[in-house]
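Subject: Structure for your review

Dear colleague,

Please find below the structure that I am handing over to you. My notes on what was found in it follow directly after.

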Amino acid sequence: MSRRIGPYELRNPWVLAPMAGVSEQPFRVMAFRAGAALCPTELVSAQGLFHANTRTLRYLRHDAEVEQPYSLQLFGGEPEAMARAAMMGKEFGAQIIDINMGCPVKKVTRSGSGSALLCDPARAGLIVRMIREATGLPVTAKIRSGWDHQNRNFLQMADALGEAGVAALAVHPRTRAQGYSGKADWNVITELKAHVGEKFPIIGNGDVKTVADAHRMLETTRCDFVMIGRGALGNPWIFRQLEGGAAPTPAERCATVLQHFREHLVFCGPARNVPPEAPAVKRELPAVSQFRKHLAWYAHGLYGASAFRNAVNQLDSAAHVVEAVERFFLGANVDAAAPTDDYDVDYRQALG
Ligand SMILES: Cc1cc2nc3c(=O)[nH]c(=O)nc-3n(C[C@H](O)[C@H](O)[C@H](O)COP(=O)(O)O)c2cc1C
């Protein structure tokens with residue numbers, strides 16, 4: 001079992017999954033602080049980097065003190081362009097380049113990126129090789145088990161990427177055709193790890209909802225790292241609990257939500273095209289709306305969560321958020337009867 005990715009010896013086997021619209025700097029920092037060993041960015045477009053549009057540049061922002069190592073996930077289908085984008089990422093501080101080879105969304109696959117790379121292992125390998133040679137950084141990749149049931153080629157992908165010098169390989173064991181339906185097939189992870197041996201680390205992913213699930217994945221599949229996505233939504237403490245730490249008290253939960261919110265406000269900055277003299281509500285509204293989903297996830301599994309969720313949808317100013325968070329979370333206790341697998345995720349955002 002390896003804890004090493006390139007030159008980085010990671011402190012434990014627990015990794016936050018890249019999640020578009022979620023794994024922005026403030027959430028990654030929360031996860032790192034709670035104990036996650038690696039938190040890649042959400043997928044960032046190579047083309048977007050070339051155009052340096054504001055939105056893409058926002059994805060690159062990171063906290064170099066906390067985010068160690070800082071892994072940037074890129075998507076694109078053209079090896080040379082990907083190498084150039086990775087060089088730009090390196091200039092922005094990326095220490096690991098991760099390549100998205102799993103995104104099922106048409107907008108992404110149309111250009112030969114994301115899960116379309118599963119249909120062309122040689123090109124996928126070339127992307128890894130060219131980025132590695134251009135940047136000198138460790139290059140990781142994240143795949144699905146295949147394009148569809150008839151084409152589950154994860155072993156072939158592992159061979160091509162291994163030959164190209166991949167530093168670690170994450171697998172979400174659903175096909176592109178499955179999207180998020182059905183169960184993640186952990187046998188794929190077991191098979192992949194047995195096939196690859198110690199050549200490079202395997203990061204298992206898919207349907208890890210609890211601490212027990214994560215340990216079970218590690219033990220049954222023998223993978224080197226476990227990557228957690230939806231199970232960490234509103235629950236960065238899962239990383240601490242995985243290392244034997246305690247669940248949060250209501251006071252700690254409240255303090256963390258407020259800290260996350262404050263860092264999110266700074267990260268988002270004031271609304272664009274709104275003059276500075278406009279009322280605070282107008283300037284804060286975009287950041288507040290974007291944070292509503294986090295509030296709903298933080299409330300998940302607590303008594304009174306659904307009423308809180310409804311109330312949160314009416315909030316429009318930072319002051320109201322702070323007030324509502326203090327009112328709800330300081331007294332909120334765990335509802336043991338709440339379902340654990342009801343993720344409440346908008347799958348239009350679930351790009352992986
Ligand atoms: C909202 C959302 C956004 C996602 N965005 C990305 C992404 O940007 N890059 C990626 O490789 N995977 C992405 N994924 C896929 C996850 O990284 C992960 O593979 C998937 O959620 C399965 O893991 P889980 O069962 O632990 O959630 C996304 C998933 C969700 C739910």
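Two strands are taken to pair if DSSP finds at least two bridges between them. With that in mind, Val171 stands opposite Gly204 in β9. Strand β8 (residues 168–175) and β9 run parallel and are joined by three bridges. Please note that the model is a predicted one.

Overall organisation

The protein is divided into domain 1, covering 4–242, and domain 2, covering 250–329. Taken over C-alpha atoms, the centres of domain 1 and domain 2 are separated by 29 Å. Contact between them involves eight residues of domain 1 and nine residues of domain 2. On the side of domain 1 that touches domain 2, the classes are four nonpolar, two polar and two charged residues.

The largest nonpolar core has 108 residues, and the members touching the most others are Ala36, Leu169 and Val226. This core lies between domain 1 (4–242) and domain 2 (250–329), because both give residues to it. Once residues up to four places away in sequence are set aside, Ala36 touches Trp14, Val15, Leu16, Ala31 and Phe239. As general background, nonpolar side chains in soluble globular proteins tend to be buried together.

The sheet

An open sheet of eight strands is present, with parallel pairing and the order β3-β10-β9-β8-β7-β6-β5-β4. Its edge strands are β3 (14–16) and β4 (44–45), each of which pairs on one side only.

Val44 has Leu74 in β5 as its bridge partner. Strand β5 (residues 71–75) is in turn joined by four bridges to strand β6 (residues 96–101), again in parallel. Within this pairing, Leu74 has Ile99 in β6 as its bridge partner, while the partner of Gln73 in β6 is Asp98.

Helix α6 (residues 121–135) lies across β6 and β7 (139–146) and runs at about 165° to β6.

Asn100

Asn100 is located in strand β6. Why does Asn100 count as buried? The cut-off for a buried residue is 20 or more other C-beta atoms within 10 Å of its own, and Asn100 has 26 C-beta neighbours inside 10 Å, so it counts as buried. Apart from neighbours within four places in sequence, Asn100 is in contact with Leu43, Gln73, Leu74, Phe75, Gly114 and Lys142. For one of these residues, Phe75, the C-alpha atom is separated from that of Asn100 by 5.3 Å, although the two residues are 25 residues apart along the chain.

With kind regards

Note on methods: Residues numbered from 1 in each chain as written. Predicted model: local features only at pLDDT ≥ 70, side-chain atom pairs only at ≥ 80, totals over all residues. Domains from an automatic or database assignment. Contact = placed C-beta atoms within 7 Å. Nonpolar A, V, L, I, M, F, W, Y, C, P; charged D, E, K, R; others polar. Core = buried A, V, L, I, M, F, W, Y, C linked by C-beta atoms within 7 Å. Buried ≥ 20, exposed ≤ 12 C-beta atoms within 10 Å, placed from the backbone. Helix = DSSP H or I, 4+ residues; strand = E, 2+ residues; numbered from the N terminus. Axes fitted to C-alpha atoms, helices over the stretch in contact; angles between N-to-C directions.
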